[in-house]
Amino acid sequence: MGVVNVTPDSFSDGGRWFDADAAVARGLALLEEGADLLDVGGESTRPGAARVPVDEELARVLPVVERLVAHGAAVSVDTTRAVVAAGAVDAGAVLVNDVSGGMADPEMAHVVARTGAAYVAMHWRGHADVMDALDAYDDVVADVRRELGERVDALRAAGVRDSQIVLDPGLGFAKTGESNWPLLARLDELVADGYPVLVGASRKRFLGHLMAGPDGTPAAPEARDDATAAVTALAAAAGAWAVRVHEVAASAAAVRVVARWRDARQDHTTGRRATAGAAREGAR
């Protein structure tokens, strides 16, 4: 999933694609790099960000969605608002990527149920201006799984089908640093819950701290892409459905490497079983 930020204030690219023409060109470039899905968003969710008026979000997002769909792209819309989700799906988006998991807008679940669009429910505890204060967990993996389960129950109650739902552990959202690593280390536990899993680690703060310089200054967002690709490989190996990234080429290569690695492991396991079976048959 390639990120197309139609915003002036995103932490990662700071308005580079704010103009609709630039955003469309960026999306097409990400497709060339190997993106399967383009995630178009018109409101920054960086820590501390203020909300954008709904009319402004619609004006940013809908023209870009329409134009990318016209180019044949599979498009998702990154929004917490039901009216924006509905407009984007009407414009051709096939997936709604909601960082609030439906908690920010009670109408979101009904829109998803009515449209039949795929829906990413991310683990979320509050908007960007307050989320850092909500990083408190007993066991972050168990807590995130439980809270996502509650979101699934609410979505089902609104008529959303299981086949529409994708889960996202919400790296960086109400998780300021160390809380992110157990979620990555135990991602297979979330995958085992049976829903496709989206991982969004790209350029986030915890990678900036990991790649800090000798003086402790966190690496700049654009200097976190190598670490992002490493997370992509780990997520793919754990069975994630997709990763959401700002730079696609390295992550697409990581996915191909993991796919080939997995095939080789399967070939080896199958070969060992066949050899063991033949040995047992010969012993008879």
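Phe-206 is buried, at a relative accessible area of 4% (buried is under 20%, exposed over 50%, partly exposed in between, using a 1.4 Å probe and protein chains only). This is a predicted model, where local features need pLDDT of at least 70, side-chain atom pairs count only at pLDDT 80 or more, and totals for chains, interfaces and linings use all residues. Residues are numbered from 1 along each chain as its sequence is written, and side-chain values use heavy atoms, leaving out hydrogens and water.

Here are the accessibilities side by side.

| Residue | Relative accessibility | Class |
|---|---|---|
| Phe-206 | 4% | buried |
| Val-99 | 8% | buried |
| Trp-181 | 27% | partly exposed |

The structure has 1 aromatic pair (Phe, Tyr and Trp rings, the six-membered one for Trp, with centres within 6.5 Å; planes under 30 degrees apart are stacked, over 60 edge-to-face, the rest tilted). The ring centres of Trp-181 and Phe-206 sit 5.1 Å apart with planes at 85 degrees, so this pair is edge-to-face.

Skipping neighbours within four places in sequence, Val-99 contacts residues including Thr-45, Asp-78, Met-122, Trp-124 and Phe-173 (contact means heavy atoms within 4.5 Å). Its C-alpha is 16 Å from that of Val-54, 45 residues away along the chain.
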